[in-house]
Each structure stands twice: as C-alpha cells, then as structure tokens.
Amino acid sequence: MIWFVRVLGICLFLVAWEFAARGVPGSVLIAGPSEIAEHIQSEFALYTRAAFATSVNAGLGFVFGNLAAIVLAVIMIVVPKSARLLSAFALLLFCIPLIASGPILRVLFGPGEGPQITLAALAVYYTTLLALLVGLRAVSQNWTDFMAVYGRHPLSTLRYVRARASLPYLFVGLQISAPASFLGAMIGEFTGAERGLGVLTLRAMRGLETEATWALAIISASIAMMAYALLGLLGRRLVGYTPVILLSAPQGQPTQNLWMRVAEMAFIVGAVLAIWQISMDVSGLNRFFAKRPGDVFVFLAESENLATVLSALSETLGSALPGYLAGLGLGAALAAALILAPSLGQVALPVAVALRAVPIITTAPLLVLAFGRGIVGTTVVVAVMIFFPTLVACGQGLRQTPGQIVELFRSYGASKWQTLIKAQLPAMLPAFFASARMAVPAALLAVTTVEWLATGQGLGMLMAMTASTSNYNMLWSCVAVIALAASAIYACVAMIERRILRVYASEQLS
Amino acid sequence: MVGPEIHFENVKKRFDSVTAVEAFSATFKAGQTTALVGPSGCGKSTVLRLIAGLTGPDEGTVRLGSEVPAQVARRGALAVAFQDPSLLPWRTVRSNIALGAELARKPSDHVDTLIELVGLGGFADHRPAELSGGMRQRAAIARSLVSQPEILLLDEPFGAVDAITRRRLNTDLPPLWRDRGTTVALVTHSVEEAVLLSDRVLVLSDRPASVLADIATAPGVPRDSAYRASDTFRELSDRIFEALETGAVG
Ligand SMILES: Nc1ncnc2c1ncn2[C@@H]1O[C@H](COP(=O)(O)OP(=O)(O)O)[C@@H](O)[C@H]1O
Ligand SMILES: [Mg+2]
C-alpha cells in the first residue's frame, strides 16, 4: 500500500513537472522530464563514459579517504595523548574548502586523475573519522576491565572489543562518505580534468545549456544516492542496526587555562607551517607553482595584494552569511515544527535524511539557473547545503529529550508549545550548535563553488582566475586566507556554543 | 598448582568524596575460598577490583603471593565473574566462553564440558541477547573458569540465577576450583551461600569497609546436603548474621 502511494506520488510529480516545463516554453529554467530523457538518450555514450570516470575517481577517493580515517582513528585510540593534536589537524584540514584545495592539487599533480581522487578522499575522511571515534569510544568500562583482568591492554581491547563494537558507527560514516566522495571528485574535475561529469557540468553551465545541466544534475545525484542507499543496505545487512550519532567534532575542555590554549594553538599553527614548508622542499616541486609559507607572507605583505585578497574575502563571507543563517534557522525551525506535528515529521525526516545525501555540486547549477547569479542564488545554494544536515541533526536532538521530562510537563498540563520551549528546545541546543560548527566549512564550500561556477565574485573567482593567469602566489594566498578565516569562524561559533550550553545544557558539556 | 595467597596490608581507597575502603588488612589463604559479606555499598566490589589490579590502593599494599596484581594478570592467571556478565553481544555463548581461554593464552579444550556444567547445553550457539539474565551470568561464570585461573574472583555471581539452578550450581561448581587449589574470593549477599561455599567468611563493616569478623567455617566437612542441614551450618550462619548486625548498629 505504502509503495503504491509512493509510486503514485512520483508519477504525479513527474506529470506536474512536465506541465510546468511546457507551460513556460523556451524557458532557460525548467526542462521537462521528457526533454531530459530525450537529451540523455541522445548523449548516452558521452554521459556513460563521464559517469564511469567520475565514479572510478570517487570510488578510489572513497577507499583512500576512509582508510586514512580508520588509521587516524586507531592511532587516536591507541595513543590517547595524540588525540588532541591529531583531531586539531584533521579539523583544520576539514576547514579548507575543497574548491580552494582543488586548484592547488591541480598545480601540484598536473593533469590527470590525482586531484579528483585526492579531493574525493578529503571530502570523506572527516565524517568517517568522527563517526568511527564515537564508535571506538562507546565501549563500556566493563569490557575494558574484562580485558585488563587478563592482563591484556589497549591493543587487545581494540582487537577483541572496539573493532567490532564500532562497526555500526563506521557504516554510518561510510554511508555519508559515498555521496561526499562524489562531490569531491566532481570538484576535482572542475579544476581542469579531461573527462568526467564535473567537466560536462562546467561546460553546460557556461553554455547555459538547460537540458544538459538538468541531465547532469539528475545523473550525478542518482549515482550518489544509489551509493548512499547501497551502503546503508550493506550496513544493515552486516551489522544489523544504524546508531543515531551527532557527526560533529567534540568540544575541547573549556576549563583549560588560557595560556595553555594559546600555546597549543601556536604549536598547531607552527606545525602546519612546518609541514607545508617541509613537504614542498622534500617533494622537490618547482618553486614557480609550489609556493612556501614565506612566499605567501611576502606576497601578502604588499598592501595592494593584501587589499585584493581581503576585499575578495569580505565579498565571499558577506555572501555566505545570509545563506548560513537562513539554512541554520530554517533547519532548526522546521525540526521544531515537525515535533509539534509528529505525523508530518515521520514523513519529512526520512526525506530530509535522503536529501542530505544529494551532493551540493549536483544541485548548485540548477539552483543558480533558477535563482540567478546574484546574492539570491548564492544564498539559496548555501542555505540548501546547510538546511538538510541541520534539520536532521536537530530532529534527532529533539527526539532525544528524555521521555520522562516530556511526560512530566504533560502531567502538569503544559501545552505542546510550552513543552517545546521549556524542555525540548534546550535539549536540541547541542545538536543545533554542532550543526552550526559543521556548517561553517560547508557554507564556505558552497559559496566559493558558486563564485567559481557562476557569480564571478569573491575568493572563488580569484582562485578560478589563477588557472589562466598563473598567478600562483595569489592562489596560495587565497587558500591560506580562507583556511585561516574558516578556522577562526569555526572557533568563534564554538566559543558561542560553550557560552550558551554552559547556561542551558550544562550536563551536556563533559 | 595451588593459587597464591592474597594479602591486604592496611589498604585505603578513596573515590572523590567517599572512602570505600579504609585500614583494610586481611589475608585470603592460598587455595581456599574466602567469602566477603557486608552491607551493600560497603566496598566489597572495590576489594575485588583491588585484587584484580583494576584500581590501585591510595595507601597500603595488595600482594598476590610475591607478586603485584598486574603481574598475575599478565600471566593469564586471574579470572573474574562480575555482577554484570558483560558478554560480547556479537559472539555466541561458546565463543564468549572460549574468549576466557584465548585471552589468558590457555587451551580451550574443556569449553563444551563447562557449557554443560553450567546448564547451557542447548544454547552454545545462541547470542547473549537471546538468553535470560541468569543464563548470561552462568555463561560469565563458565568464561571465568575456562582459563583454569590461580585466582578466581566472583562478585555476586549467582545474583540473577533462579533459586533451583542456583542450588544446583552451588553443588556442581565448587569442586572445579576446590580440586585445583584455586584461591577464590567470593562476594555474596546470601549468608547461607557464604557458609556453604567458603572455607572462611570475612564480615565487612559499613563503608569504609574494614574486617569486623573473620570466621572459619567447618574445615574438612564435605559440602553436601547433610552439611546444609547440620547444626554447625546453622550456628555458623547465626554467628555471621550477628556480626553483620553489630556492624550495622555500631
Ligand atoms: N569508580 C567509582 N567512582 C566513585 N565511587 C565509587 C566507584 N566505585 C565504587 N564507588 C563507591 O564506593 C563505595 C563502595 O562501592 P562497592 O565496592 O561497589 O560496594 P559493594 O560492592 O559493597 O556494594 C560506594 O559508595 C560506591 O558509590
Ligand atoms: Mg558490589
């Protein structure tokens, strides 16, 4: 019965879509399903080859990125002292938008598949790392005690207990990775690959080819969703259940003294600069395009360059902010509304979980087509990117309000509305702020992507231009600046989070 | 081979604001079974955790023969059955029990005999989630016995086991450790069980735990139904109850 309703719904949707497209003849905005189907058929061979190329790169990146995440997680568990530092590095790397690392990788790798695969790996390692760490740490003391009684220590616990206990969590990470690796591979293709869906998307966007843009969006979204669904199925088959987890970097201890924090930060910055310098020196790459920290410093010391980069940065941040706020606000608001109307929530939340998996790259061109190349289009892309993860996380947060508390409120005759405000919203705050932190890099990725593809503004455009001007100092400076800005904003959001959670949800801070 | 003696010398253990164990001196004789009884929350589990080396004393020393707990653990000569069975949910009963031998690096040839002995014969290939609480506890007991430890720590091992099975286990299991000369520390809430299974009973005071009375049960008397029905048995039980009550009042 439910299947029948779903199929009927899809059919109705397609018919409505077709009519909308026919109703606006010659529109550059909407292509009807029949036109898209025809177009795909006529270009079938081309699209198959492109889809294959992108899938292979995404697949390789998926494997490498997840392997890296597993190795990193294991090191952090076996050598707990390394955890703070490693997670700071992992977070910093995660804060660099892929669209910024893309051109750098292209410069370093030259032509070929390297950047696509690396970007796909970069797109997946962080979520898997977070999910896996939750799983590896979610081991009861009884089990670690049990291992200790036999004189067996961390490595045995890892082997006998943690490895298996964390499998369901690993699958959560892998599932989210699947569409993300697709996104990474496509961004890699934007930076000047020979083939792949990203190359065709770029061409379709530039040529204002409506049908091709739709066709590519649908193809790439379907492949990503299929991989998502497949891994979900595999996970349920192999480990039986899917745990609900908040995918967000844990907050550091807030009580640590200020000087320690400053010292730690200085150490991390110094280490990153050193790694940058040393890796360039060791790999022996040409200094003409493989710039060092010193080059960037000298370049930015010139006030003209600095002014260019900073004005681009402020443009980028300015166009990211409305979408960031709208995405977060709407996501949280809808999550709350769905609690007030639970039957609606049962329908909407699974849809949101599925839509969260659609890589932004596939929908961004369509959204830009629909909403224009101005601030509205940008805002919509950023908001959409953030909206679904926020909705899902806040929805899960709201549902985790202890049942007894809700019942207690009800027993005093409190209305649904009062229960929401007094009991459930505070319970949602940790999920909300976790989303707000994770949304910082996401928003920057979305906005720079739109700038790169369509609006011709901000850091995205500045980086895109260096491909033709060969101004590599500019490219590296842009990446350094955006990484710095992303980390700083992330830290600010984290600080606000601590302040507010300390008041409203002190038991959630451990 | 007879298990080593367990020796507590003036041990103190604090957790934040509560002192769980203080001025605790006691000897658990080599190859004997010593029962610990006392009010709940007095620190019995803490004493077992100190023996297992899961936590260290703040003051004083805990020795197992000439060694410290960690050394015995490393040899695979320690085993415990805690209140919480903590079986691995993805392993079957058989492989959970075999894990005890595997971790202690001992042969696991008598796994199936033990499964029969604890009455889990038909459940060897089931997973813990399919068992009742009492059955899980019995699997945990079997797991603690499979490595033939020199020191065996049992923390209310029969707490969730039904009365009939408990009575049967009380007769069937003790020979396994008695005959091998294992040094056993047994925490139990049942005074009768303490008198039945142990060679000595240490009655502990309310928190912080120290030894109120050290009562030797009938040495050399077979632990059968005649013993259970005897006057000695009743007298011993009464003495323990008395000691517990003085402790509670004082
Ligand atoms: N890890 C711990 N942290 C804090 N307090 C503890 C811990 N373990 C035990 N305690 C406290 O020590 C006291 C004794 O506990 P325990 O040894 O478990 O008692 P028993 O087993 O006799 O019931 C209790 O008050 C308990 O709350
Ligand atoms: Mg206890």
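Colleague: Into how many nonpolar, polar and charged residues does the shell around ligand 1 divide?

Modeller: The shell has 3 nonpolar, 5 polar and 2 charged residues (Ala, Val, Leu, Ile, Met, Phe, Trp, Tyr, Cys and Pro count as nonpolar, Asp, Glu, Lys and Arg as charged, the others, Gly among them, as polar). Bear in mind that this is a predicted model: local features need pLDDT of at least 70, side-chain atom pairs count only at pLDDT 80 or more, and totals for chains, interfaces and linings use all residues. Residues are numbered from 1 along each chain as its sequence is written, chains are lettered from A and ligands numbered from 1 in the order written, and side-chain values use heavy atoms, without hydrogens and water.

Colleague: Which residues are around ligand 1?

Modeller: Here a residue needs a heavy atom within 4 Å. Those around ligand 1 include B:Phe15, B:Ser40, B:Lys44 and B:Arg207.

Colleague: Where do polar atoms meet oxygen atoms of ligand 1?

Modeller: A polar side-chain atom of B:Arg207 lies 2.9 Å from one. From the backbone, B:Lys44 has a polar atom at 2.8 Å, and an N or O atom of B:Gly43 lies at 3.0 Å.

Colleague: How do I read aromatic pairs?

Modeller: A pair of rings is described by the distance of the centres and the angle of the planes. Rings of Phe, Tyr and Trp (its six-membered ring) pair with centres within 6.5 Å; planes under 30 degrees apart are stacked, over 60 edge-to-face, the rest tilted. The whole structure holds 12 such pairs. One of them joins A:Phe288 and A:Tyr472, edge-to-face at 5.5 Å and 85°.

Colleague: Is A:Tyr472 buried or exposed?

Modeller: A:Tyr472 is buried at 17% relative accessible area, while A:Phe288 is partly exposed at 48% (buried is under 20%, exposed over 50%, partly exposed in between, with a 1.4 Å probe and protein chains only).

How values were computed: A polar contact is a pair of N or O atoms within 3.5 Å; within protein, one must be able to donate a hydrogen and the other to accept it, and residues adjacent in sequence count only if both atoms are side-chain atoms.
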